[in-house]
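Please take a look at the sequence and the structure shown here before reading on. The paragraphs that follow go through some of its features in turn.

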Amino acid sequence: MKTIFRLALIAALVFTFAQVEAAEMLSGAGATFPYPVYSAWAYDYNKVTGVQLNYQSIGSGGGVKQITARTVDFGASDDPMKPEDQTKQKLLQFPAVIGGVVPVANLGNVKPGQLKLDADTLCKIFLGDVKKWSDARVTKLNAGLKFPDGEITVVYRSDGSGTTAIFTNYLAETCPAWKEKVGAGKAVKFPVGIGGKGNEGVTNYVKRTANSIGFVEFAYAKQNKLVYIQMKNKAGNFVEPGFESFEDAAETGDFDAKKGFYLWLTNAPGKQSWPIAGATFILLAQEKTGVNKQTVKFFDWAFTNGDNKAKELVYVPLPKSLKDKVRAYWKAKGIQ
Amino acid sequence: MAMTLKRKNPVDLIFSSITALASVTVILFIIGIIYVLISESSLSIEKFGIVKFLFSTEWNPVKEDFGALTNIYGTVLTTVLSLLFAIPVAIGIAIFVTEIAPNFLKGPIGVAIELLAAIPSIIYGMWGLFTLSPIMSNYIEPLLKKATANIPLVSILFQGTPMGIDILTASVILSIMIIPFTASISRDSFNLTPAVVKESAYAIGATQWEVVKNVILPYSKLGVFGGVVLSLGRALGETMAVAFVLGNNHRISTSLLDAAATITVTLANEFAEADNDVYLSSLFYLALVLFVMSFITLAIAKFFLLKAERKYSR
Amino acid sequence: MTSVQRRKIEGTIALTLSTLAAFMGLFWLVFILGDVLVHGMKSLNLSLFISDPAPPGAAGGGLRNAFVGQLLITICATLVGVPMGVLGGTFLAEYARGRKIARMISILADIMVSVPSIVIGTFIYAVLVKPLGHFNGWAGSIALSIIMIPVVLRTTEDMLSLVPWTLREAAFALGAPYYKVITQVVYRGAATGILTGILLSIARVAGETAPLLFTSFNNSFFSLNMNQPISSLTVTIFQYAMGPYDSWHEQAWAAAFVITIFILIITMLGRLMIRWRYR
């Protein structure tokens with residue numbers, strides 16, 4: 001019995017300590033898409049200000065749900081929330097950074113950027129119509145590449161994900177069969193394949209499974225040296241995913257503060273535009289003014305000081321004009 | 001009994017009420033869990049009903065149409081498969097430990113089994129992803145595919161690409177995880193066979209195997225059966241060991257090389273992220289289904305174990 | 001072939017098979033343990049314990065936050081679970097001994113021991129996370145203590161029942177009230193057994209992941225604040241092992257190694273104690 005009392009004493013001490021120690025903390029959750037850049041920003045921000053911004057990548061669906069349930073200080077989602085839903089759930093929304101979703105493959109000796117696909121073929125692969133890499137529909141786009149004979153394993157997101165939303169939005173926009181059979185959204189019923197949790201999970205499965213194809217945020221593909229795929233864009237050019245093609249897509253976007261910046265960047269018309277680009281958004285609870293001010297402070301700091309870090313991780317910082325719009329939006333809502 | 005006399009002391013009354021309260025929490029938790037799960041899933045229960053939810057194969061967040069069958073299928077299939085793999089091995093271990101092993105080995109092996117039963121399931125899951133899954137996809141699964149290619153019906157079980165993230169791998173990991181658990185319960189049951197009975201069998205000239213087959217197994221069958229059902233209950237509710245290698249696929253497939261979803265894995269993957277009410281409510285509904293399934297299974301196991309206990313104590 | 005020979009051959013075959021089965025089982029288990037040890041040792045270093053996580057993809061960093069968080073959650077769970085379990089077990093074995101209610105609670109507790117832990121996670125999310133408005137360490141602790149209580153309760157009940165009734169009668173004869181008999185005589189007699197039960201229950205919950213996923217959540221910073229999300233080793237292992245970065249995988253192995261060793265030592269300690277006491 002004595003041991004238990006001693007344990008209790010120790011624990012009581014720990015708690016008094018805990019209450020004193022408590023650092024200023026913000027907790028956010030949501031999209032895995034911007035996780036690398038947010039946590040890199042948070043790491044630097046903590047060094048400068050001492051504020052801990054705990055961002056957990058649980059998927060955009062989770063971000064929306066947890067901010068709606070008010071279990072976090074801010075939510076993050078790649079799936080722009082419609083203005084009427086923002087009003088209904090009493091949320092504020094603004095974009096934080098722009099990036100691209102890229103299809104990635106695991107194909108023996110094929111190197112990053114070598115493989116080329118168009119929207120239709122990509123769609124057919126994810127529908128399960130194109131079952132092998134040696135299928136004519138793939139090989140005719142890729143003269144000179146040698147393909148293994150194995151069956152394709154599709155890897156998709158098992159969690160509610162903005163990356164999925166951007167990707168399926170693109171497929172639904174460009175491929176009628178997809179729109180009819182599957183549709184677009186954060187979590188859809190993929191016809192074939194295996195599901196990985198988060199960008200991390202998909203990356204992991206693609207890396208480990210021969211002849212697989214998946215889709216992840218570009219930073220994940222790049223950091224893990226995955227074989228990303230060139231896509232044919234709306235203008236008819238094959239483009240490589242990367243900083244320039246994402247920026248090109250971002251520049252075509254006309255974000256509107258009145259709509260809470262609701263906008264898709266998929267299938268952008270620019271000549272060099274990456275077709276599966278998207279902005280990622282931050283969601284705030286309207287009534288939590290105090291917490292929102294702190295959150296905004298962080299993003300204001302990131303807008304000013306975080307561009308290089310973002311570029312390093314192959315995200316596109318918001319263009320200056322858009323940053324100004326967002327700052328004006330904060331002021332208008334009284335949170336800056 | 002003595003306690004009725006001693007109750008008069010006021011401190012004793014307080015102490016006894018505190019202990020009573022503490023033990024009643026167990027009942028309160030069970031009632032609380034059932035109540036909360038039902039009330040949280042009421043939206044989904046209203047929308048889909050009971051029969052439709054249990055037998056629908058839809059799991060479609062876009063259309064907000066949910067059914068539990070794919071999850072139940074995955075749960076039952078992985079559990080049954082893992083038991084098929086685990087039971088013979090576990091009983092083999094139990095026979096080895098109680099009858100075959102030399103005395104100096106019995107203790108250490110027994111301890112080893114108990115230690116292995118203590119390893120957390122997440123370790124099994126992680127090991128499954130990093131070590132077992134490549135072995136399965138590179139060696140074992142292609143081999144099984146080749147071996148069964150010409151056998152009708154059986155070959156259906158091994159259709160598709162061997163990718164190591166599938167029902168078979170998940171079941172193997174689950175079985176490895178429950179082997180120590182099943183083995184130690186079986187061993188305990190075997191040990192309950194009175195030495196006198198065994199000795200008299202040896203005395204009339206039975207071989208060691210005949211003693212096992214005709215004396216020990218029949219004598220302890222209730223206990224072993226209870227242990228197996230208990231393992232079944234454990235396996236039904238296991239999350240982390242399978243979450244890494246099951247591939248979260250809401251489809252019913254006849255091939256063991258396909259990904260699937262269990263109730264537990266669906267909850268682990270989707271619970272924190274379901275963003276509309278019906279979706280979340282359906283996940284609570286799934287949790288309720290799992291709770292009821294495992295509660296019934298465990299109650300059955302307990303029934304047999306109690307019956308076995310009563311038989312031995314007689 | 002005589003029937004004796006046939007019986008002998010049958011026996012040899014059957015026993016060889018079960019020996020093989022035993023070794024196959026042990027092989028897998030040794031394989032897992034060995035793999036965790038080898039990979040874990042390789043990735044083990046000092047900074048794992050003294051520094052906090054670096055941003056994903058960046059080299060270095062450690063898991064100090066997760067070690068401390070796990071410890072905090074487990075200690076709090078123990079502080080709630082152990083007294084409840086011991087007291088509850090006392091009721092069953094002493095005040096309600098032999099009554100129907102004791103039997104029923106005992107059976108229900110046995111069932112609760114094996115109830116899917118993820119269901120407990122969803123339950124706690126509904127009662128302690130959503131109403132409070134944020135994920136928090138307490139919720140994780142309470143979820144673990146719900147798993148702990150029945151384990152401690154059942155071992156306490158069993159151990160108290162092993163204390164001979166005559167011992168209590170001797171104490172009653174001296175005029176001691178029942179609560180004194182329990183706390184000063186019965187608990188002493190069963191102390192080792194109860195402590196073993198406590199140790200085993202700690203070993204059980206220290207490795208739980210599923211109930212923490214939606215309760216204590218995770219935190220990439222070092223935090224001692226139980227009112228906020230707090231990191232735990234197991235959830236971190238889940239995140240890191242599923243993650244794409246090699247540095248994460250290494251840290252996951254190292255964390256797996258530490259937690260496995262911790263649990264094995266506690267289990268071993270419990271077993272040794274009970275063996276030493278009741279040999």
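Buried residues, those with 20 or more other C-beta atoms within 10 Å of their own, the C-beta atoms being placed from the backbone, make up 59% of the 279 residues in chain C. This is a predicted model, in which local features need pLDDT of at least 70, side-chain atom pairs count only at pLDDT 80 or more, and totals for chains, interfaces and linings use all residues. Residues are numbered from 1 along each chain as its sequence is written, while chains are lettered from A and ligands numbered from 1 in the order in which they are written.

The secondary structure of chain C consists of 11 helices and 0 strands, where helices (H or I, at least four residues) and strands (E, at least two) are DSSP runs numbered from the N terminus. Chain C is more spread out than a compact globule, because its radius of gyration, taken over C-alpha atoms, is 23 Å, well over the 19 Å that the globule rule (2.2 Å times the number of residues to the power 0.38) gives for 279 residues. The C-alpha trace of chain C spans about 75 × 70 × 35 Å along its principal axes.

Where chains B and C touch, the contact (C-beta atoms, placed from the backbone, within 7 Å) takes 74 residues from chain B and 69 residues from chain C. On the side of chain B, the largest share, 18 residues, comes from helix α2 (residues 10–40).

In chain A, Phe261(A) lies in the loop between α11 (243–251) and β12 (277–285), and its phi is near 65°, a positive value in a residue other than glycine. Phe261(A) is buried, with 25 other C-beta atoms within 10 Å.

Definitions and conventions:
A residue is buried if 20 or more other C-beta atoms lie within 10 Å of its own, exposed if 12 or fewer, and partly exposed in between; C-beta atoms are placed from the backbone. Two residues are in contact if their C-beta atoms, placed from the backbone, lie within 7 Å.
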